[in-house]
Amino acid sequence: MIEIEGVSHSLSGVPILRDIDLTIPKGGVTALIGPNGAGKSTLLSLMARLERVQTGRIRFDGLDVTQTPTGQLARVLAILRQETRIATRLTLRDLVSFGRYPHHKGRPGAADRAAVDEAIATFGLEPLAGRQIDTLSGGQRQRAFVAMTFAQGTDYLLLDEPLNNLDMSHARALMLRLGEVARTHGRTVVIVVHEINYAAAHADRIVAMKDGRVVRNGPPGDTLTGAALTDLFDTPIDVTEIHGRPVSLHYA
């Protein structure tokens with residue numbers, strides 16, 4: 001379980017997050033949604049200790065992120081940042097192998113190699129495993145980074161806009177795989193998503209943020225109503241239902 005209590009955050013005196021209280025239960029896919037500047041990526045960075053918690057507390061299964069040793073925390077949570085940079089001469093397998101470093105500290109064994117193989121297979125990257133990163137498309141690289149995060153073997157995966165650079169088919173496939181990872185591997189996936197309909201179709205829980213606050217939190221059917229989305233994004237949005245899931249109509 002992720003517990004966030006009284007978290008506020010400012011940059012150069014400008015409030016980014018305002019008194020966030022949020023509990024994310026273990027298991028499933030939780031999508032963070034909201035307009036640009038809502039504070040989604042900042043919250044994810046604080047959860048992963050990429051930025052210092054200024055006010056409040058964040059705990060994963062009781063472990064306070066400000067007090068837990070880095071090596072221990074790296075075995076609990078893994079994060080994929082929105083901006084990813086890596087040496088281009090690496091192969092895809094090399095990249096995914098980086099996810100195992102918290103376990104082997106530079107001396108990989110059979111279990112680490114097996115975990116890398118599993119991650120590559122889970123995200124359908126076997127044909128690309130020997131390719132160098134600079135020969136891959138943006139979408140292929142993005143999937144490789146997600147596989148690297150998965151290979152870390154943590155209970156919690158924090159993914160900041162992993163659908164970037166993915167076309168419709170690959171974005172859908174990735175969301176399906178993340179749902180399967182949550183169900184079959186017992187992982188908890190927290191993902192920042194801009195396209196509301198991907199969150200509606202594949203997330204178990206929605207956390208909607210606006211102006212640095214959590215304004216809605218719950219299942220898609222309860223949180224993704226036309227009135228709620230219209231207020232969240234300050235634009236008219238109609239919502240219908242297909243196969244029991246809400247679908248937003250925001251292009252008309």
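Is Tyr156 buried or exposed at 0% relative accessibility? Tyr156 counts as buried because its relative accessibility is 0%, where buried means under 20% relative accessible area, exposed over 50% and partly exposed in between (1.4 Å probe, protein chains only).

A word on the model: it is predicted, with local features needing pLDDT of at least 70 and side-chain atom pairs counting only at pLDDT 80 or more, while totals for chains, interfaces and linings use all residues. Residues are numbered from 1 along each chain as its sequence is written, and side-chain values use heavy atoms, leaving out hydrogens and water.

**The sheet**

Six strands form an open sheet in the order 6-7-8-3-9-10, with mixed pairing. Here strands are DSSP runs (E, at least two residues), as are helices (H or I, at least four), numbered from the N terminus; two strands pair if DSSP finds at least two bridges between them. At the edges are strand 6 (77-80) and strand 10 (213-218), each pairing on one side only. Strand 9 (residues 205-210) joins strand 10 in the antiparallel sense over five bridges, and Met209 has Val214 as its bridge partner in strand 10.

**The aromatic pairs**

There are two aromatic pairs in the structure. Rings of Phe, Tyr and Trp (its six-membered ring) pair if their centres lie within 6.5 Å; planes under 30 degrees apart count as stacked, over 60 as edge-to-face and the rest as tilted.

| Pair | Centres apart | Planes | Type |
|---|---|---|---|
| Phe60 and Tyr156 | 5.1 Å | 80 degrees | edge-to-face |
| Phe123 and Phe150 | 5.7 Å | 75 degrees | edge-to-face |

Phe60 lies in strand 4 (residues 55-60) and Tyr156 in strand 7, so their pair ties together parts 96 residues apart in sequence. Phe123 and Phe150 are both buried.
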